Amino acid sequence: MIKGKKFLITGGTGSLGKALTKKLLDSGADTIRILSRNESKQIEMENEINDDRLRFFLGDIRDEARLQTAFEDVDIVYHAAALKHVPKIEYNPFEAIKTNVIGSQNVINASLNQDVEKVICVGTDKAVSPQNTYGATKLIMEKLFVSASNYINSEKHRTKFTALRYGNVLGSSGSVIPKFIEQMKNNQPIYITDERMTRFTITMDEALEFVLNVTEIAQGSEIFIPKLLSYDMKLLTSTLNEIIELKEKEIIGIRPGEKLHESLINSYELLYTYELGDYYVILSPHVTKFQSSGIEKNYPDLKKISDMETYSSDNVSKISKEELKQKILNLNLIT
Ligand SMILES: NC(=O)c1ccc[n+]([C@@H]2O[C@H](COP(=O)([O-])OP(=O)(O)OC[C@H]3O[C@@H](n4cnc5c(N)ncnc54)[C@H](OP(=O)(O)O)[C@@H]3O)[C@@H](O)[C@H]2O)c1
């Protein structure tokens, strides 16, 4: 699926985009186009990954005409570009609608027009029963993707649209662990919202493996979700304290738009969720092709979920302290 293929990654200079680029290059990709807005980030990435299979396209996903030319002759598109900082988006909600919603529809339109084989968008747990505008825009992105096949003529278009969802990537840009480590290294206090708060845990390597496996098995219109462990803030701070001495912590209370626990599948979606090895897959009843019987045969070893009430970070197994510590050390943030 990877070897010899031409890829385009929207948001290719971001945390996921960069890591995915390296992985695809190592796996024998023919070429990879990176599409993003900021030229400095592109220059930095060009210097970091010196490979003549990489092409850098300046462009904004809000500009459909730009996407039409950028997507020409591409086999697989990963759609990772997004605005994602919750408070910034609460302050500028329509900017997130323009990027995360309209931009995503532009990605769909350009993929159809250019006959891209597979298009995978990267979703988040914040899109599940969303409590903030970021989550709401990412929910609409997923809906646009899973429904895109409803109105296409499958004889004319081969494009398959698939969404995937996971929780906070340990150590990704803007996430809490690099921030805490920086503060602890500088002997500053760290600010905890609520010690009971839980989050799913996934490392970048695990996210990459998930993205590549989904690329392989996606048939179109599904939402894939990995089976994950979680941690609470108490465990996180005590683990960090074993790595660098924590001088002071302050509890500041949950922030607007934040949830105490995140869900990766809500109770309504669970009605349409199946187990597929290490993953769950939602086959939405609003997708025409999933309304016909026997569609499950397209996925080997698919099992209907029957005994799960919610899939949220407070009711899955917790990661052990030792495993969390190792994952934090592997981030190489401590020098
Ligand atoms: N990080 C996580 O923990 C996490 C968890 C679950 C899901 N996700 C999702 O995974 C995706 C990637 O996340 P990330 O952590 O890699 O994000 P990131 O580091 O913030 O990167 C975002 C990328 O999108 C580009 N971008 C933003 N607006 C754009 C626009 N209008 N047109 C073109 N490019 C644009 C940015 O570059 P420019 O600013 O130069 O354009 C950057 O390359 C996002 O969709 C996010 O919602 C992330």
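The exercises go from the ligand to a helix and then to a strand.

Before you start, note that this is a predicted model: local features need pLDDT of at least 70, side-chain atom pairs count only at pLDDT 80 or more, and totals for chains, interfaces and linings use all residues. Residues are numbered from 1 along each chain as its sequence is written.

**Exercise 1.** Work out which residues surround the ligand and which elements they come from.

*Solution.* Take a residue as near when its C-beta atom, placed from the backbone, lies within 6 Å. That gives 31 residues, the closest being Gly11, Gly14, Arg37, Asn38 and Ala82. Next, assign elements as DSSP runs, numbered from the N terminus (helices: H or I, at least four residues; strands: E, at least two). H1 (15–26), S2 (31–36), H5 (93–113) and S5 (118–124) each give two or more residues, and H1 has the largest share, three residues.

**Exercise 2.** Find the buried residues of H8 and what they pack against.

*Solution.* Call a residue buried if 20 or more other C-beta atoms, placed from the backbone, lie within 10 Å of its own. In H8, Ala207, Phe210, Val211, Val214 and Thr215 pass. They cover an arc of only 135° around the axis (directions from the axis to the C-beta atoms), so they sit on the same side of H8. With contact meaning C-beta atoms within 7 Å, their partners are H1, S4 (76–79), S5, S6 (160–166) and S9 (223–226).

**Exercise 3.** Is S5 enclosed or open?

*Solution.* Seven of its seven residues are buried, so S5 is largely enclosed by the rest of the structure.

How values were computed: A residue is buried if 20 or more other C-beta atoms lie within 10 Å of its own, exposed if 12 or fewer, and partly exposed in between; C-beta atoms are placed from the backbone. Two residues are in contact if their C-beta atoms, placed from the backbone, lie within 7 Å.
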